[in-house]
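Thanks for making time. I will go through one model, starting with an annotated span and ending with a few loop residues.

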Amino acid sequence: MQWASLLLLAGLCSLSQAQYDEDSHWWFQYLRSQQSTYYDPYDPYPYEPSDPYPYGVEEGPAYAYGSPSPPEPRDCPQECDCPPNFPTAMYCDNRNLKYLPFVPSRMKYVYFQNNQISSIQEGVFDNATGLLWIALHGNQITSDKVGRRVFSKLRQLERLYLDHNNLTRMPGPLPRSLRELHLDHNQISRVPNNALEGLENLTALYLQHNEIQEVGSSMRGLRSLILLDLSYNHLRRVPDGLPSALEQLYLEHNNVFTVPDSYFRGSPKLLYVRLSHNSLTNNGLSTNTFNSSSLLELDLSYNQLQKIPPVNTNLENLYLQGNRINEFSISSFCTVVDVMNFSKLQVLRLDGNEIKRSAMPVDAPLCLRLASLIEI
């Protein structure tokens with residue numbers, strides 16, 4: 001009986017061994033299946049994201065906070081999040097940080113906004129010279145605590161957000177690769193002539209809500225600039241030498257009292273000009289100041305104008321409310337009034353002036369035949 005039991009046991013062992021012999025790699029397959037859920041931060045990422053910055057700099061991370069947190073790479077600062085599905089982005093926003101953490105070399109998009117950072121120490125980005133975006137808005141950064149050459153080695157940087165800080169002067173030098181520079185809502189008082197030197201690729205410059213009194217000719221070399229926002233400052237003069245590529249110029253809420261003759265002639269692509277809430281008078285304007293064929297929208301509201309300044313017939317929207325205009329001169333819109341010559345104006349705002357609707361000339365409907373709104 002004991003012999004029979006031993007023979008039966010040996011047969012079963014032989015059968016099990018034969019099953020394993022059929023697949024000699026069963027153990028390796030088992031180990032591989034167990035390792036499939038293990039995250040190795042030093043393995044190369046299987047893919048790059050189709051959209052490397054899936055949300056704006058003001059928004060939250062690209063993954064849901066309610067879901068289990070994925071394992072973080074070992075080269076990600078513990079104060080930040082480095083989502084594996086966006087391996088070149090580092091999110092350090094809204095964390096009450098008082099300093100800039102280490103930036104891994106693989107990063108291209110870093111978000112430090114809405115913290116308590118007061119300084120940008122020299123060399124903080126030297127390990128990540130391939131950065132494209134740096135978001136530092138909504139902090140407490142002061143000019144005397146920004147490294148002199150902290151951005152100079154970032155030769156691929158395209159967007160720099162330093163708005164809503166405590167800067168009192170322009171940072172620099174800045175890399176030539178820069179396309180957008182956000183410096184609004186600071187305490188900058190002037191823009192030196194060499195402050196933007198070499199930024200030939202810059203397309204948008206935001207300097208609104210500062211204390212700027214002088215700009216000078218600092219914009220001359222910005223040959224790619226499309227948008228310039230200098231609103232809510234203390235300018236008494238318009239900038240010298242607007243870039244030729246400029247399309248949008250915002251100068252509202254300043255102290256500008258004059259605009260030179262043919263000032264916009266050097267910017268043949270200019271479409272939108274806002275000069276509302278300034279100190280403009282008719283004595284500070286010539287007959288050719290706004291006679292630019294490219295302009296589509298002109299905002300001169302809330303100034304001290306007594307007459308409607310001459311504009312080009314291609315203008316589509318003209319805002320003159322809140323001035324001291326006391327007459328309606330049709331020659332401001334059409335030098336010749338007939339069937340073939342008329343203005344393309346669609347919106348005309350003259351409310352809040354000293355003019356009455358009865359003062360409109362009889363030939364106004366012929367000149368302003370395309371207007372859909374005329375407020376008097």
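Helices (H or I, at least four residues) and strands (E, at least two) here are DSSP runs, numbered from the N terminus. This is a predicted model, in which local features need pLDDT of at least 70 and side-chain atom pairs count only at pLDDT 80 or more, while totals for chains, interfaces and linings use all residues. Residues are numbered from 1 along each chain as its sequence is written, and side-chain values use heavy atoms, with hydrogens and water left out.

First, the annotation. In the model, residues 75-109 are 0% helix and 11% strand, and the end C-alpha atoms lie 15 Å apart.

Next, the largest pocket. A pocket is an open set of points on a 1 Å grid over the protein atoms alone, with protein on both sides within 12 Å along at least five of seven lines, and lining residues have an atom within 4 Å of a point. The volume, meaning the space filled by probe spheres set on the points, is about 340 Å³. Of the 19 lining residues, Arg148, Met170, Pro171, Gly172 and Pro173 lie nearest the centre. The lining has 12 nonpolar, four polar and three charged residues; Pro and Met count as nonpolar, Arg as charged and Gly as polar.

Two of these residues, Gly172 and Pro173, are joined by a cis peptide bond, with omega about 5 degrees. Pro173 sits in the loop between E4 and strand E5 (180-182). That loop also holds His164, whose phi is positive, about 55 degrees. Most residues other than glycine have a negative phi, and most peptide bonds are trans.

At 27% relative accessible area, His253 is partly exposed.

Ser276 is in the loop between strand E9 (272-274) and strand E10 (297-299) and counts as buried, because its relative accessibility is 5%.

Technical notes. Buried < 20%, exposed > 50% of the residue type's maximum accessible area, 1.4 Å probe, protein only. 1 Å grid on protein atoms, 1.4 Å probe; cavity = no way out; pocket = protein on both sides within 12 Å on 5 of 7 lines; lining within 4 Å.
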